[in-house]
Amino acid sequence: SVIPGINKYSKTIWARTDDEIARALAEHGIDMASTPNARELFKNLRAEYTGRLAFSGLLTKGLWDYAMAGNIRGNGHYNKSRRNKERDQLGYTPKTINLGGKWVSYKGIVGVDPVLSILGDMAYYARDLDQPFMEDKMAKIMWTISATFLNETPLTSLEPLVAAANGDLTGWTRLVANAARAFIPQSGALGVTSNAITSTQKDIESSIPKYVQNKIPIASSFLPEQIDIWTGTPLNDIDNPVLRFLNAFNPIKVSGTTEPWRMWLLTTGWDGLGRLKKDSTGSYEYTEREREQIYKYIGEQQLYKKLIPLMKSKKYKKQVGLLRSHRATGGDLDNEMIKLKTQKLPLFREIDKIIKDAQILAERRLLEERDDISNTILQQRKADQRMKQGDVQGASDIQKKELETRKLLQMAK
């Protein structure tokens with residue numbers, strides 16, 4: 001009743017007595033006593049408002065059912081890490097709707113964007129296997145409101161500052177890079193042209209020069225690509241050059257269909273694989289180029305084929321179904337001390353094992369090709385052992401020796 005204009009609806013639809021009808025007409029600036037055919041005007045208004053509410057109710061119910069079937073995507077998960085992993089590995093593109101098997105972006109469409117974004121977010125959390133709908137509700141509501149209504153306003157420029165204050169410099173780097181691009185003549189046209197040439201997602205970490213390079217035609221093609229570990233293809237790659245060209249110039253983006261196994265993986269609640277920054281021993285941190293090669297070697301193993309038997313398993317279907325029912329009933333909220341952790345299910349441990357085994361094979365292949373990396377890992381482990389013994393001088397000697405050896409091995413190549 002405190003929302004402006006809502007009283008017109010409620011008072012008009014529910015008015016029965018002469019006094020109620022007079023008050024409803026007064027909301028529209030009509031004096032029942034002095035206006036001819038006031039009662040007929042009232043009947044027309046009531047019929048119109050009833051029709052509007054009936055139509056909006058049917059439309060909302062239809063869109064809600066469509067969203068619950070996984071066909072409307074909102075802003076994505078409120079946790080940024082999970083949101084990025086779902087985007088990169090599970091094919092989740094925020095603010096898109098499935099139309100005829102193609103995912104079409106509705107971002108920025110006035111009147112459509114906020115409605116579908118909210119419905120998409122609500123359906124996402126209602127179907128989320130990892131936690132019940134009402135858990136972390138404030139974080140979910142805050143993210144939905146900010147991503148739906150504030151992203152296209154000046155307030156969005158505050159996000160990098162807030163993130164930087166919390167130690168996340170990614171947004172700040174992107175902000176500085178965009179400011180730097182403004183000094184490049186025709187930077188906007190260059191960015192569109194670059195997207196028309198290559199649509200793949202680059203592995204640029206937090207480098208300002210690489211952010212700028214990513215928007216320059218031809219130059220962006222020399223950046224390391226992020227590779228899909230399941231298929232071995234570059235992320236966000238659009239095989240159809242015509243579609244890639246049209247998407248670069250068209251504000252409404254269209255992407256291809258999503259594979260059934262990837263859709264299944266998204267519905268299971270598996271939250272994706274974090275970016276591989278170090279080798280399996282934790283002794284060596286890969287460069288972007290080395291990480292691109294590792295991902296390619298993993299992708300060449302066609303891991304998605306190993307997901308299909310899991311997808312068809314009746315045992316795993318039953319386990320996931322039982323957990324989904326438990327989440328839907330809100331049973332977790334009755335006892336907040338004991339958590340049912342989704343990642344402990346045998347299905348998720350099986351998926352993690354598939355990736356881990358593939359990573360070890362890929363690393364083995366890379367180390368056979370790169371003696372310098374193999375030697376660095378070995379010497380790092382030796383230095384760690386010396387440090388555990390308190391032998392700082394010995395660890396320092398290993399550090400110097402490794403640098404000399406690495407330079408010689410790289411020169412030999």
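**First stop: helix 6**

The buried residues of helix 6 pack against helix 4 and helix 5 (113-127). Keep in mind that you're looking at a predicted model.

To see this, select residues 137-150, which make up helix 6. Its 14 residues reach 19 Å from the first C-alpha to the last, close to the 20 Å expected at 1.5 Å a residue. Now show the side chains of Lys-140, Trp-143, Thr-144, Ala-147 and Thr-148, the buried residues of helix 6. Turn the view so you look down the axis of helix 6: the buried residues fall within an arc of 110°, so they line one face of the helix. Which exposed residues sit on the face turned away from the buried side of helix 6? Those are Met-138 and Met-142.

**Next: helices 2 and 3**

Select residues 18-26 for helix 2 and 38-68 for helix 3. Their axes come within 11 Å and cross at roughly 75°, which makes helix 2 roughly perpendicular to helix 3. Where they meet, helix 2 brings Asp-18, Ile-21, Ala-24 and Leu-25, while helix 3 brings Ala-38, Arg-39, Phe-42 and Leu-45. Sorted by class, that contact has six nonpolar, no polar and two charged residues.

**Last stop: helix 12**

Jump to residues 260-268, helix 12, and pick out the buried Trp-261, Arg-262, Trp-264, Leu-265, Leu-266 and Thr-268. What covers them? Strand 1 (72-73), helix 4 (80-89), helix 14 (304-312) and helix 16 (346-369) are included in the cover.

Conventions. Residues are numbered from 1 along each chain as its sequence is written. This is a predicted model: local features need pLDDT of at least 70, side-chain atom pairs count only at pLDDT 80 or more; totals for chains, interfaces and linings use all residues. Side-chain values use heavy atoms; hydrogens and water are left out. Buried means under 20% relative accessible area, exposed over 50%, partly exposed in between (1.4 Å probe, protein chains only). Helices (H or I, at least four residues) and strands (E, at least two) are DSSP runs, numbered from the N terminus. Contact means heavy atoms within 4.5 Å. Axes are lines fitted to C-alpha atoms, for helices over the stretch in contact, and angles run from 0 to 180 degrees between N-to-C directions. Angles under 35 degrees count as roughly parallel, over 145 as roughly antiparallel, 65 to 115 as roughly perpendicular and the rest as oblique. Ala, Val, Leu, Ile, Met, Phe, Trp, Tyr, Cys and Pro count as nonpolar, Asp, Glu, Lys and Arg as charged, and the others, Gly among them, as polar. The expected span of a helix is 1.5 Å times one less than its number of residues. The arc is that of the directions from the helix axis to the C-beta atoms.
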